Amino acid sequence: MLMEEFRRKRVSAEVAAKAVHSGDWVEMGFGANMPRILEAALAERKEELFDVKARGGLLLAPLKMLELDPEGEHFTWLSYHLSGIERKYAQLGKAFYIPIKYSELPRYLRENLQTDVAMFQSAPMDEHGYFNFGVTISHFAAAISKARTVIIEINEDMPRVHGGYDHAIHISQVDYVVEGGHMGVPIVPEAEPSLVDRQIAEHLLPEIEDGSCIQLGIGGMPQALGKMIAQSDLKDLGVHSEMIADAYVDMFEAGVVNNKRKQRDLGRMVYTLAMGTQKLYDFLHDNTAIAAYPVDYTNDPWIASQNDKLISINSALEIDLSGQVCSETVGQAIFSGSGGQLDFVEAAYRSKGGKSFICLPSTYKDKSGQIQSRIKPLMTNGAVITDTRTTVQYVVTEYGKVNLKGLSTWQRAEQLIFLAHPKFREDLISEAEKLKIWRQSSKR
Ligand SMILES: CC(=O)SCCNC(=O)CCNC(=O)[C@H](O)C(C)(C)COP(=O)(O)OP(=O)(O)OC[C@H]1O[C@@H](n2cnc3c(N)ncnc32)[C@H](O)[C@@H]1OP(=O)(O)O
Ligand SMILES: CCCC(=O)O
């Protein structure tokens, strides 16, 4: 019966792409689950289609739609979180960002957004008729629940993962199936820890206790810190994270992570989005130690915080002297997205014994190669606040760490200036004086 239904629904990518009509909103996967042959087939229909809006994000390969339609006359790309490729599109005005609080994205889809066609990549159908989403679970089930037409692109190399719920879709909910063969899963290389990452880890590691539950954010630094946690003497760590990458495999294989002291999903590593090398994808496949969930489970601060000693480690681009954090724009230009950063900043602080860390190098290099401070008196004009100053707990740079909770404006300014690169401290003090937030305290 199942195979009969499968055969009935199996079509070529060209036929499936005909389900999209002019004016439609199309949900197109996320990260490593982007349906690649369907996207290409849709792009080829350029001359027949107008005003098609496609949503996705964290693109790991260029879009054929924008290659064939460089002026965006037929297709518009909207991203929930910009990768490097999408950042370039956005700079050219070819892609647009959708601001999200990631835990809420499934609700936006269920309640606010129009979705005409949903197309996602998945593992091959199992003997019970389920297509497993594998590396990205995210918001797919919510999009499917609203779509007029649901199309699955089978990738024979997609891992089949164990999950809580909504990590798979049944053939009865699918309109078309397209077979993609062995397509590989896009590889995102591991980041090697830099000197600054190591210095930050030295400030951070004493704050993590045996039995803590870990969340590491996106970007080079949190993942590099994960590799260093893997080499530490910590014991019985758990994982409840939005994203997982190779560092989690290192922590698990080193025996540092065993999930045995978690209050929620005991014995299982929880995630909604995986991006890394083949090492990660092999680790995920058919692994009972894994539980994949939709993002409104992983990132819900109430759920995540049920794990005691939840440690959230995320990165930022800029922080001002009052503690406002920008992790998503450079000035007004979108760089990445808010993602689930605020979800986990809130969750970790809410968790019993939990702590949230915003870790950032004190400087960056500008286009002329000069170092500039990431700690600013005021936010750069147009910069978006990812975490308000009332939500931020620990801030860590290579020069130390501070817990901002409960500190006054002058204490925040003073403590954050201590975390700045020495080259910028005098200027920051003069700016703080002008802003009337400088009062030297008796001791650090
Ligand atoms: C995933 C989970 O489980 S929870 C959710 C986590 N999600 C988030 O944290 C979402 C928001 N965060 C992010 O998108 C990322 O962590 C970021 C953007 C903050 C950091 O990403 P990274 O890739 O590590 O950025 P990095 O610090 O290396 O800086 C990137 C570039 O911006 C430049 N830059 C950094 N800060 C600034 C600044 N203040 N002004 C101008 N340029 C800057 C850097 O020089 C670098 O340039 P380069 O690419 O030419 O070398
Ligand atoms: C939205 C996916 C990545 C992130 O949370 O930063």
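Strand E1 (residues 25-27) pairs with E5 in the parallel sense, over two bridges. Helices (H or I, at least four residues) and strands (E, at least two) are DSSP runs here, numbered from the N terminus, and two strands count as paired if DSSP finds at least two bridges between them. Within this pair, Glu27 sits opposite Ala118 of E5. This is a predicted model, in which local features need pLDDT of at least 70 and side-chain atom pairs count only at pLDDT 80 or more, while totals for chains, interfaces and linings use all residues. Residues are numbered from 1 along each chain as its sequence is written, chains are lettered from A and ligands numbered from 1 in the order in which they are written, and side-chain values use heavy atoms, with hydrogens and water left out.

E1 and E5 belong to an open sheet of seven strands, ordered E4-E3-E2-E1-E5-E7-E9, with parallel pairing. Strand E4 (95-97) and E9 are the edge strands; each has a single partner, so one side of each is left without a neighbour in the sheet. On average, neighbouring strands of this sheet are turned by 25° against each other, direction ignored (axes are lines fitted to C-alpha atoms, for helices over the stretch in contact, and angles run from 0 to 180 degrees between N-to-C directions).

Helix H3 (residues 36-44) has Leu38, Glu39, Ala41, Leu42 and Ala43 as its buried residues. Buried means under 20% relative accessible area, exposed means over 50%, and partly exposed is in between (1.4 Å probe, protein chains only). These buried residues pack against helices H2 (13-17) and H4 (64-68), and also against strands E3 (75-79), E5 (117-122), E7 (149-154) and E9 (176-179). Lys64 is found in helix H4 and is partly exposed, at a relative accessible area of 28%. Leaving aside neighbours within four places in sequence, Lys64 touches Glu39, Ala40, Ala43 and Glu44, where contact means heavy atoms within 4.5 Å. From Lys64 to Tyr281 it is 217 residues in sequence and 25 Å in space, C-alpha to C-alpha.

Now for the other sheet. It is open too, with six strands in the order E11-E10-E16-E21-E25-E26 and mixed pairing. Strand E11 (238-239) and E26 stand at its edges with a single partner strand each, so each has one side left without a neighbour in the sheet. Helix H8 (residues 195-204) packs on this sheet and touches E16, E21, E25 and E26, its direction making about 140° with that of E25.

Strand E25 (residues 394-397) is covered on both faces: Tyr394 and Val396 on one side, and Val395 and Thr397 on the other, are all buried. Three bridges link E25 to strand E21 (residues 355-359), and the two run parallel; Phe357 has Tyr394 as its bridge partner in E25. Val395 is partnered by Val402 in E26, and E25 and E26 form a hairpin with two residues between them.

As for the ligands, ligand 1 has 27 residues around it, of which Gln215, Ile218, Leu317, Ser336 and Gln341 come nearest; a residue is near a molecule or strand if one of its heavy atoms lies within 4 Å of it. A polar side-chain atom of Arg374 lies 3.0 Å from an oxygen atom of ligand 1. Polar backbone atoms are also at hand, with an oxygen atom of ligand 1 being 3.3 Å from one in Glu242 and an oxygen atom 3.5 Å from one in Leu216. On its own, ligand 1 exposes 1,000 Å², and the protein buries 75% of that (accessible areas come from the Shrake-Rupley method with a 1.4 Å probe; for residues, only the protein chains shown count as cover). Strands E10 (213-216), E16 (310-315) and E22 (363-365), along with helix H14 (341-350), each give two or more residues to the shell around ligand 1.

An oxygen atom of ligand 2 comes to 2.3 Å from an N or O atom in the Glu242 side chain, and an oxygen atom is 2.8 Å from a polar backbone atom of Gly340. The protein covers 94% of the 220 Å² of accessible area that ligand 2 has on its own.

Notes. A polar contact is a pair of N or O atoms within 3.5 Å; within protein, one must be able to donate a hydrogen and the other to accept it, and residues adjacent in sequence count only if both atoms are side-chain atoms.
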